[in-house]
Amino acid sequence: MSLTEKLVAPQIRDLVAYQSARRIGGVGQVYLNANESAFPPFAMPEGESWQRYPDFLPAELGRSYRDYLACDSIKESNVLAVRGADEAIDLLVRCYCEPRVDAITINVPTYSMYDFVAEAHQVQRREISLASDFQLDAEQNASAGLASKLIWICNPNNPTGNLLRLDSILAVAQANRERAFVVVDEAYIEFCPEQSLVGAIASNPNLIVLRTLSKAFALAAVRVGFVLAHETVIAMLAKLIPPYPMPDPSARIALAAISQDGLRTMRRQRDAVVSLRSQYREQLASLPCVEKIYPSETNFLLLKFSDSVAVFGHLQSRGIILRDQHHHARLHNHLRITIGTEEELKLLIDALTEYTGKP
Ligand SMILES: *Cc1c(COP(=O)(O)O)cnc(C)c1O
């Protein structure tokens, strides 16, 4: 029995996937099987066609993403395109966790959707604190699978920005091999591509990797992400995903983004972000209100201020909105700053300099 069969929530095990017209398929000239409109929609861009339901899961998109990964052990059957990594988080919790019975484990501080989705589905949440250097607590994670079906690891981690050691993540996967999935969220991996664990999926069938086009690929509005996992996991998620998961315009935009030209653009922009990040790290470090700047392998920086509430309020009054981390027990007085354009970062430095000059 595969781990996916062993862990699947009972209400999902017996569920038969909804048989949409596209899933049932059939090739003809006249399609009268999906109650679509026969007419083109209002204000459609030239060359587009929107009145038909999209393919169940656009095969070309999965294939192209697989090619982008350039990893021999990943086949098309290991790839599922989803509407952003956030949809994947929801699908995984619904697929494997029985409400009021099962639990997940998160390594905090981390991306808050893992906790939110579990709570929304009445799934228990167990927290393990990252160590003082924000690395995994290996011992606690090794036994996490005794009471949790999903162990969430964000790498590089949001909001701390650091990389977790790959050997420690793989040790967690090994220790829980027979009893829990380890989900590695690689939303920022394009900023440190050599740190991806995609190549380890084949030898670790309980390892699931999440990806997105929302960050380095600059397509947050388009809502495209990917799940990379053992084919039994992909098949189980595909059973639960809604009938027409991927909007056609999104699939087409995503395909362009992972074409050779698209990849060149992404890498050029990524390199620009990395160089702005180091340039502005230095400028920010010289400001007296800044107490600490953490290492980052992402497109954001985590900073500790002497008074983050005052800084946040001052910047807000100047129209500059940062992400407040003060609510995390471990991150009092911390703010997260996205690496924006050079102009945006100049405005930020000006406003912080003005704040410093205040009596
Ligand atoms: C932004 C982000 C996501 C959400 O990605 P979408 O593909 O836009 O849903 C998921 N995980 C982490 C860690 C993120 O920072």
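This is a predicted model: local features need pLDDT of at least 70, side-chain atom pairs count only at pLDDT 80 or more; totals for chains, interfaces and linings use all residues.
Reader: How many residues surround the ligand, and which are the closest?
Author: The ligand is surrounded by 13 residues, each with a heavy atom within 4 Å of it. Ala85, Asp185, Thr212, Ser214 and Lys215 are the closest.

Reader: What lies 2.6 Å from a nitrogen atom of the ligand?
Author: That is a polar side-chain atom of aspartate 185. Taken alone, the ligand exposes 380 Å², of which the protein buries 94% (Shrake-Rupley areas, 1.4 Å probe; for residues, only the protein chains shown count as cover).

Reader: Let me change topic. Which residues touch the most other members of the largest nonpolar core?
Author: They are Leu61, Val182, Leu213, Leu284, Leu348 and Leu352, in a core of 75 residues. Such a core joins buried Ala, Val, Leu, Ile, Met, Phe, Trp, Tyr and Cys residues through side-chain atoms within 4.5 Å. Buried means under 20% relative accessible area, exposed over 50%, and partly exposed in between (1.4 Å probe, protein chains only).

Reader: What does valine 182 touch?
Author: Apart from residues up to four places away in sequence, valine 182 touches Ile151, Ile153, Ile169, Val172, Ala173, Asn206, Leu207 and Ile208, where contact means heavy atoms within 4.5 Å. There is also a second, separate core of 39 residues, with Tyr96, Ile208, Val233 and Ile241 among them.

Reader: And aspartate 102, where does that lie?
Author: Aspartate 102 is in the loop between H5 and strand E2, which spans 103–108.

Reader: Is aspartate 102 buried or exposed?
Author: Aspartate 102 counts as buried because its relative accessible area is 11%. Its side chain makes a polar contact with the side chain of lysine 149 at 3.0 Å. A polar contact is a pair of N or O atoms within 3.5 Å; within protein, one must be able to donate a hydrogen and the other to accept it, and residues adjacent in sequence count only if both atoms are side-chain atoms. A polar atom of the aspartate 102 side chain also lies 2.7 Å from the backbone nitrogen of glutamate 98. Beyond neighbours within four places in sequence, aspartate 102 is in contact with Tyr96, Cys97, Val123, Gln124 and Lys149.

Reader: What about arginine 100, what is its phi?
Author: Arginine 100 has a positive phi of about 65°, although it is not a glycine. This residue is in the loop between H5 and E2. Arginine 100 counts as exposed because its relative accessibility is 59%.

Reader: And where is phenylalanine 134 found?
Author: Phenylalanine 134 is in the loop between strand E3 (124–129) and helix H7 (138–142). Phenylalanine 134 has a positive phi of about 65° without being a glycine. With a relative accessible area of 6%, phenylalanine 134 is buried.

Reader: On to peptide bonds: what is the one from valine 108 to proline 109, cis or trans?
Author: The bond is cis, with omega near -5°. Proline 109 is placed in the loop between E2 and helix H6 (113–120). The bond from asparagine 155 to proline 156 is cis too, with omega near -5°, and proline 156 lies in the loop between strand E4 (150–154) and helix H8 (166–175).

Reader: Where is proline 245, and what does it touch?
Author: Proline 245 is in the loop between helix H9 (231–240) and helix H10 (248–257). Not counting residues up to four places away in sequence, proline 245 touches Phe56, Leu57 and Arg83. Proline 245 is buried because its relative accessible area is 1%. Between the C-alpha atoms of proline 245 and glycine 340 there are 31 Å, and the two residues are 95 residues apart in sequence.

Reader: Last one: how many Å separate the C-alpha atoms of glutamate 344 and leucine 7?
Author: They are separated by 47 Å, and the residues are 337 residues apart along the chain. Glutamate 344 is found in helix H13, residues 342–357, and is partly exposed, with a relative accessible area of 47%.

Terms used
Residues are numbered from 1 along each chain as its sequence is written. Side-chain values use heavy atoms; hydrogens and water are left out. Helices (H or I, at least four residues) and strands (E, at least two) are DSSP runs, numbered from the N terminus.
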